[in-house]
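Please keep the sequence and the 3D view open as you go.

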Amino acid sequence: MVKEPGYITAASVAHQHGSVEDIDAAAADSQLAGVEQLLEAPHVTEAFVLQTCNRAERYVVSDDPEAGRAALQAAMPDEVDSTVRTLGHEESLRHLLRVAAGLESLVPGEDQILGQVRDAYEDARHVDGLGPVLEEAVTKAIHVGERARTETAINEGVVSLGSAAVELAERERDLEAATALVIGAGEIGTLAAKAVDARSDVAHLYVANRTVPHAEHVTSIVDVAASAIGLDDVASVVDRADLVVSATGSADPIVEPAAFETTGDTVVIDIGQPRDIPPIVDEQPGTDVFDLDDLEAVTAETRANREAAAARVEDIVEDELAHLLTRYKRTRADDVISTMYESAERVKAREVEQALGSLDLDDEEREVVEAMADSLVNQLLAAPTKSLRDAAEADDWATIDTALALFDPDFGETEFPPSVADVDADVPDRFSRLVDADD
């Protein structure tokens, strides 16, 4: 029987089905660590992990889907069982393409996810997590994400999480002449700072980061009066901030609850993963804390405006998925075909060597005989090759099994009856006449 190569299985905890706490709980210590953990599981040959503010996802390739599911289940904590979506081979591929295209994002079409997929790709490559199956899948996903953004309007006018946070803050407070603090100078923090600059009339913007030069870079690309500070100075700025947007990847809270005791009316948007601000801060008088779940309402309007573009992106995803599945199937068939040709090549080489040993031919005549043998092999195997590829694309593995039984990929290693050159003394004359006929 033909053994199909890698079978992809995925497990996803994302904003559509889980809370911020669920996503936090499902995430590995890092994408690198997540991939390494999965590669240690029995029968797992490839692994890919994607972790963002909105999702914690793991993909594995195994020789058996049950083994893949077992590996993913072992990697996910029990407390998130009710929010985990486990996806089979084709469903996993479709989901990954949709994620990269922005169709699964909290803000449809947002650009950050494509960069995050690229980063996850590099992390998986760094620890040898990608083989022929996931390499093909992830690069196809990146290609789909690029097509979605260049061929449709899916990201035109789309707010990022950073700008969605500022829009939510504007609905809660008048930010004119306000003081804003953005904690984190990464991609989302930078977008939040740009959104503060573009969407509000704040008087001053503070950007805090563990590495102050990174914060200084962010302050240099905004027009509003801005200052860069270290994380040690955050508490003193929080005390006078009207808006706080926190977006770091710190494993521990960035700001202690005590820092908000005297802030007065303050809007806090926590889009860190895990949380940067302890939820108890929301109980402080005048302080309102919002998280990723609260951004859902803000982004609902954007989602409605993107429906037409999203429909076109859906078509792109399905088109590219069909190409990807066909390529996988042809690759499977090509492995069988390659084995068949290799076996035929061994038989041809042996028979040609025996025949030429019985003939007295010059170099040119030998080349004619060898070319004729190559042509015979190619012509004899041309029809089976096409049939095997067609069968693979149609998932007709029974036909491929039958072809293997008929052609026997090991027939080049078996004992054959004596070569024709050994039993027919007239062979030299026949070959000579064949060569002469070509002259």
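The points below move from the whole chain to single residues.

1. A word on the ground rules. This is a predicted model, in which local features need pLDDT of at least 70, side-chain atom pairs count only at pLDDT 80 or more, and totals for chains, interfaces and linings use all residues. Residues are numbered from 1 along each chain as its sequence is written, and side-chain values use heavy atoms, with hydrogens and water left out.

2. Confidence. The average pLDDT (the predictor's confidence in each residue, from 0 to 100) is 85, and 89% of the residues score at least 70. Residues 414–439 have a pLDDT below 50, and beyond near neighbours in sequence this stretch has 25 contacts in the model. A contact here means heavy atoms within 4.5 Å.

3. Overall make-up. You will find 16 helices and 10 strands. Both are DSSP runs numbered from the N terminus: helices are H or I with at least four residues, strands are E with at least two. Of the 439 residues, 51% are buried; buried means under 20% relative accessible area, exposed over 50%, and partly exposed in between (1.4 Å probe, protein chains only). Among contacts between residues at least 6 apart in sequence, 72% join residues at least 24 apart.

4. The cores. A nonpolar core is a set of buried Ala, Val, Leu, Ile, Met, Phe, Trp, Tyr and Cys residues joined through side-chain atoms within 4.5 Å. The largest has 57 residues, and I8, F48, L93 and L134 touch the most other members. Helix 12 (residues 307–357) gives the most to this core, with nine residues. Apart from it lies another core of 37 residues, including V166, L175, V245 and F290. In soluble globular proteins, nonpolar side chains tend to be buried together.

5. A look at L134. Leaving aside neighbours within four places in sequence, L134 is in contact with I8, E46, A47, F48, Y59, V61 and G129.

6. A strand pair to trace. In which sense do strand 6 and strand 7 pair? Strand 6 (residues 204–208) and strand 7 (residues 226–229) are parallel, with four bridges between them; strands count as paired if DSSP finds at least two bridges. Y206 stands opposite S227 in strand 7. From strand 6 the chain passes through helix 9 (residues 212–220) to strand 7 in a right-handed β-α-β crossover. Right-handed means that, with the strands pointing away from the viewer, the path from the first strand over the helix to the second runs clockwise.

7. Is R147 buried or exposed? R147, found in helix 6 (residues 132–151), counts as buried because its relative accessibility is 16%. Beyond four places in sequence, its contacts are T152, R312, I316, D319 and E320. R303, in helix 11 (residues 295–305), is partly exposed because its relative accessible area is 28%. The C-alpha atoms of R303 and L106 are separated by 8.7 Å, though the two are 197 residues apart along the chain. With neighbours within four places set aside, R303 is in contact with S105, L106, P108 and E296.

8. Two backbone angles to check. Most residues other than glycine have a negative phi. H43, in the loop between helix 2 (31–39) and strand 2 (44–52), has a positive phi of about 70 degrees. A177 also has a positive phi, near 60 degrees. A177 lies in the loop between helix 7 (161–172) and strand 5 (179–183), and counts as exposed because its relative accessibility is 55%.
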